[in-house]
Amino acid sequence: MNARKIIYDKNDEVSGIAVYDDSGLMEIDIFDAKRALEGNVFLARIDKKIKLANDKTAFMVNIGDGTEAFLNSYEPTLKEANMSEGQSVVVQVAQEKHAEKGAKVVRNIQIAGAYVVYCPFKYDVDVSNKINDSETADKLRKIVKENSKLNEGWVVRTMAVEAEEHQIIEEMNNLREIYENIRKKARSASAPALLYTKENPLFEYIRRYKDSLQQVVVDSPNLAKEVSEIFSGDVVIQKEGFEAYGVDDEIVNALNKSVKLKNGGSLLIEETRACVAIDVDSSGVSAGGAIDNLNVEAAKEIARQIRLRNLSGKIVIDFAGSSEYRFMKRVIEVLEEELADDACHSRILGLSRAGNIEIMRQRRRPTLRDLYTVECPTCQGSGRVEP
């Protein structure tokens, strides 16, 4: 998707990022400094050891955010952890806490830069599969390998294609230094403790949409100066940007269960603990061609709503009309096209035997509903009352 404008607004410890394309608000992200954000590194204390299936073990650990985080004892490329209660361990948030579930953390630390990702426990060099030109990929891999040290690994990011060799090498050295600082802090800190906070997510969004981005709105001159160093478009300073641009009102609309489609029909979006269920209501449209057009429009809007609401896990969609594959083939193709550049990996599982299209989307951050609402203590989220 092509973003045109990004609005950044910070209020105390909470910052928000709103991304717009030509059709309106397409993404919203809220970051609370009190939360254990994805990518942050902590010195955690093991509170409890638990048994999993197949004789596997895991740990519930305290990272200081008020909710126990989950740490699996086994991770690829690492020896299985054999620790006991009270011990300290350096971990990174891989998945933020979601609803009543705590964060998921890992020992396999990765420090991301603009061009490369430092993987101290990896021992090889991978290149992003989005770099399609094999000659370019080999060239970048060679640069990183020649400047690597023993017992470390790297992932070359897509942005490295546009970087000079000296920029990649400089970033490699900076990321190593960040990791060494994490290790030093861990030796003197008492668990639980925050060891590392990743860069302002605004810069990741700017890099992601740099090819189409035209304007960035920030709330301070200092941040505007930093943005101007990596973005050549229009940079606007606007305090309380969410209020000034009406973002808060659009967030309220994005929390509604029902979404009207432009050419008739609507979507009904239900978030449950097991999955997200989306129903396409034809609202009286019955002709075959009209139903097909409605489903294609619905597929595009569903992809937008998935991003906007940050829906994740299993997503089950019941489209209008016949669920035969010959009618759903085009709809599946549209979903694949619209979600192809999704930052949270989405996988279209296809058409189920029940006639529903299923999607699995990587869960990394809370949904918009989780960020802005809490479950009703009376109805436990059912939204129904006794007559």
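Reader: In which helix does R207 lie?

Author: This is a predicted model. One of its helices covers residues 201-208, and R207 falls in that stretch. The element that holds R207 is helix 3.

Reader: Is R207 buried or exposed?

Author: The relative accessible area of R207 is 15%. Buried means under 20%. Because 15% is under that cut-off, R207 counts as buried.

Reader: Which residues is R207 in contact with, leaving aside its neighbours within four places in sequence?

Author: R207 belongs to helix 3. With those neighbours set aside, the contacts of R207 are A114, M159 and E199.

Reader: Which residues of helix 4 meet helix 3?

Author: Helix 4 spans residues 221-228, and its axis comes within 11 Å of the axis of helix 3, crossing at roughly 35 degrees. That crossing is right-handed. From helix 3, L202, F203 and I206 take part, and they meet L223, E226 and V227.

Reader: How many charged residues does the contact of helix 3 with helix 4 have?

Author: By class, this contact has 5 nonpolar residues and no polar ones. The number of charged residues is 1.

Reader: Which residue in strand 14 is the bridge partner of I6?

Author: Strand 1 (residues 5-11) and strand 14 (residues 215-218) run parallel and are joined by 3 bridges. The bridge partner of I6 is V216.

Reader: Which residue in strand 15 stands opposite V218?

Author: Strand 14 and strand 15 (residues 234-237) run parallel, with 4 bridges between them. Together with helix 4 they make a right-handed β-α-β unit. In strand 15, the residue opposite V218 is I237.

Notes. Residues are numbered from 1 along each chain as its sequence is written. This is a predicted model: local features need pLDDT of at least 70, side-chain atom pairs count only at pLDDT 80 or more; totals for chains, interfaces and linings use all residues. Side-chain values use heavy atoms; hydrogens and water are left out. Helices (H or I, at least four residues) and strands (E, at least two) are DSSP runs, numbered from the N terminus. Buried means under 20% relative accessible area, exposed over 50%, partly exposed in between (1.4 Å probe, protein chains only). Contact means heavy atoms within 4.5 Å. Axes are lines fitted to C-alpha atoms, for helices over the stretch in contact, and angles run from 0 to 180 degrees between N-to-C directions. A crossing is left-handed if the near helix is turned anticlockwise from the far one by less than a right angle, and right-handed if clockwise. Ala, Val, Leu, Ile, Met, Phe, Trp, Tyr, Cys and Pro count as nonpolar, Asp, Glu, Lys and Arg as charged, and the others, Gly among them, as polar. Two strands pair if DSSP finds at least two bridges between them. A crossover is right-handed if, with the strands pointing away from the viewer, the path from the first strand over the helix to the second runs clockwise.
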